[in-house]
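Hi there,

Here is the structure I promised to pass on. Please have a look at it alongside my notes below.

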Amino acid sequence: MRSKLFVPGARPELFDKAMAGAADVLSFDLEDSVPEAGKAAARVQVGGFLRRTDVAASGRLLIVRCNGTDTAHFAADLAAVALPSVWLLNLPKVESMAQVRDAAAALERAEAGNGVARPIGLLLNIETPRGLRLAAELAAAHPRVAGLQLGLGDLFAPNGIARTPANVHATLFALRLAAAEAGVFACDGAFPDVGDEEGFRAEATMARELGFIGKSCIHPRQIGLANAVFGVSDAALAEARRIVAAAAAAAAQGRGAFLFEGRMIDLPFLRRAEALLAAAGGTRTAS
């Protein structure tokens with residue numbers, strides 16, 4: 001999931017364009033991008049799109065960000081979009097384990113009502129100080145939780161925190177450790193200045209180096225940047241293949257750790273190489 005494109009639920013004219021684009025994942029939004037008066041129409045539009053035969057058969061990874069569990073829209077959102085074509089339901093502003101468990105129970109009921117056989121996972125938005133402090137516990141609150149996503153804008157601005165590289169790094173690091181503790185993935189949030197390609201690239205590179213799997217994009221022009229930063233180079237793939245082959249040779253000789261091109265390789269390094277190869281489909285870059 002190198003790139004996750006944000007698609008406003010109130011803009012149905014953008015749905016097919018997004019499907020035709022290069023983003024690895026599409027995230028249809030029913031929350032912040034939709035005004036209160038348009039909530040009902042947006043959920044009908046998104047739900048209708050997700051029910052289309054061609055969309056369901058596309059194989060695309062699709063996410064829907066619903067309205068919060070504490071809003072009057074939550075149950076109706078789930079009834080409209082808990083569909084077989086949906087991979088993850090994105091919960092905004094998660095702050096309590098009960099919130100996660102209640103959302104999972106509501107999602108299960110909505111799936112039953114819509115005839116969904118494969119359980120839809122949960123992607124939790126971490127956007128508040130409390131949410132960040134409890135992130136590992138929130139991620140472990142229910143088996144449906146697949147990942148954590150950071151919302152720097154919502155976290156920083158209300159608390160007077162400047163979006164400096166040091167502050168961004170500290171927050172990304174905290175979230176990544178929480179995701180690792182819970183055994184789920186971490187996805188970076190949006191970068192607000194669409195015209196600042198270097199700023200986007202810098203934050204994306206920081207997230208990649210911390211082990212995030214991808215970054216949210218609020219405009220199609222950011223997709224290529226995210227795909228490039230989080231893509232797997234031919235050189236990295238070649239090295240991973242050499243490590244796996246060397247590990248097999250070492251194992252045949254009864255060795256679990258071995259020297260590889262001047263470096264000591266043991267099980268964690270091998271698992272990382274295997275994961276890189278497993279994830280390489282559709283993620284290669286030309287570097």
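Helix 9 passes helix 10 in a right-handed crossing (right-handed if the near helix is turned clockwise from the far one by less than a right angle, left-handed if anticlockwise). The axes of helix 9 (residues 165-182) and helix 10 (residues 197-209) come within 10 Å and cross at roughly 35°; axes are lines fitted to C-alpha atoms, for helices over the stretch in contact, with angles from 0 to 180 degrees between N-to-C directions. Helices (H or I, at least four residues) and strands (E, at least two) are DSSP runs, numbered from the N terminus.

Before going on: this is a predicted model, where local features need pLDDT of at least 70 and side-chain atom pairs count only at pLDDT 80 or more, while totals for chains, interfaces and linings use all residues. Residues are numbered from 1 along each chain as its sequence is written, and side-chain values use heavy atoms, leaving out hydrogens and water.

Where the two helices meet, Pro165, Val168, His169 and Leu172 of helix 9 touch Glu203, Met206 and Ala207 of helix 10 (contact means heavy atoms within 4.5 Å). Glu203 is buried, at 7% relative accessible area; buried means under 20%, exposed over 50% and partly exposed in between, with a 1.4 Å probe and protein chains only. Leaving aside residues up to four places away in sequence, Glu203 contacts Leu152, Arg163, Val168, Asp188, Phe191 and Lys215.

Two of those partners lead on to the aromatics. The structure holds 5 aromatic pairs (ring centres of Phe, Tyr or Trp, the latter by its six-membered ring, within 6.5 Å; planes under 30 degrees apart are stacked, over 60 edge-to-face, the rest tilted). Phe191 and Phe200 have ring centres 6.3 Å apart and planes at 90°, so they pair edge-to-face. Phe191 is buried at 8% relative accessibility, and Phe200 is buried at 1%. The charged end of Lys215 sits over the Phe200 ring, 5.6 Å from its centre (the cut-offs are NZ of Lys or CZ of Arg within 6 Å of the ring centre and within 35 degrees of the ring normal).

Lys215 also belongs to the sheet story: in strand 8, Lys215 is the bridge partner of Ser3. Strand 1 (residues 3-8) and strand 8 run parallel, joined by 3 bridges; strands pair if DSSP finds at least two bridges between them. The open sheet has 8 strands in the order 7-6-5-4-3-2-1-8, with parallel pairing. Its edge strands are strand 7 (185-187) and strand 8 (215-217), each pairing on one side only.

Best wishes
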